[in-house]
Amino acid sequence: MELRQHALQVLGLTNPEQKSAETLAMQALSATYSIADKAPVRAAEAPPLPGHPQRPLLVRHNEVAQRSPASLEGRAILIHAIAHIEFNAINLALDAIWRFDGMPRDYYLDWLRVAAEEAQHFNLLRAHLRTLGRDYGDYPAHQGLWTMCEKTEHDVLARMALVPRTMEARGLDATPLIQRKLRQVGAPDALAAADILDVILREEVGHVAIGNHWYRWLCLQSHLDPQEHYPSLVQQYQAPRLKPPFNETARRQAGFSEAELQWLLQN
């Protein structure tokens, strides 16, 4: 089997359960895959990527409902929003596999592992939603992560800089704050959700580390200084400005240097 063609096929799936299952099956077979030098060609009439279900309704980021996790409904909305981020993260990892040519085999296998772990995260959150009497698709969601994916579709260096180590790294900062609020609520479902986020946070550190690794590898190939080049990419692609507080411990574990952390704090 050839990995990049299979990743493209799974990226196009619209059923979340099927997409998660197929992604996990791909990871289980990772050692058996060949990896093509060139990206598979998509037919002109192919539906747009990524494949997504009819629900949830996709809206602008400022139209997504926000409620206090002090209420059951508020916690359901919160977990739904995180589940949607994880579903999008499956798509982001699969897109990184099929789209970009000329990378080492380890690059493609790294992103396959990320895709599988994101699928596990999505399954955990969806199962938790169901214990609340809700399901994925019950609330509107936004496509902020995928928007940056589209902006960087022709530049793997920009993709590595601005998706895993910018957009997804923001989750390292936000998760402990969310967990604190859930634990303050103290309800059994809130504590269970906080425990799920422990698993997700630990593995997301690894995902951001993979983004950092390949960003630096690409900068080395192009004789660029990773720290000096990053602000120009932020400006060129209009990446969001990140604001404190930052989870400096998790960011260090994910490979950010002290100089990079200082830059974040000063900008």
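This note goes through a few local features of the structure.

1. The model is predicted, so local features need pLDDT of at least 70, side-chain atom pairs count only at pLDDT 80 or more, and totals for chains, interfaces and linings use all residues. Residues are numbered from 1 along each chain as its sequence is written, and side-chain values use heavy atoms, with hydrogens and water left out.

2. Helix 1, residues 3–11, is mostly covered, with 7 of its 9 residues buried, among them Leu 3, His 6 and Val 10. Helices here are DSSP runs of H or I with at least four residues, numbered from the N terminus, and buried means under 20% relative accessible area, exposed over 50%, with a 1.4 Å probe and protein chains only. The cover over these buried residues includes helix 2 (16–28) and helix 3 (72–99).

3. With a disulfide taken as a pair of cysteine sulfur atoms within 2.5 Å, the count is 0. Cys 149 is in no disulfide, and the nearest cysteine sulfur, that of Cys 219, is 19 Å away, which is too far for a bond. Cys 149 is buried at a relative accessible area of 1%, and Cys 219 is buried at 0%.

4. The loop between helix 2 and helix 3 holds Pro 50 and Pro 56. A cis peptide bond joins Leu 49 to Pro 50, with omega about -5°, and another joins Arg 55 to Pro 56, with omega about 15°.

Notes. Helix = DSSP H or I, 4+ residues; strand = E, 2+ residues; numbered from the N terminus. Contact = heavy atoms within 4.5 Å.
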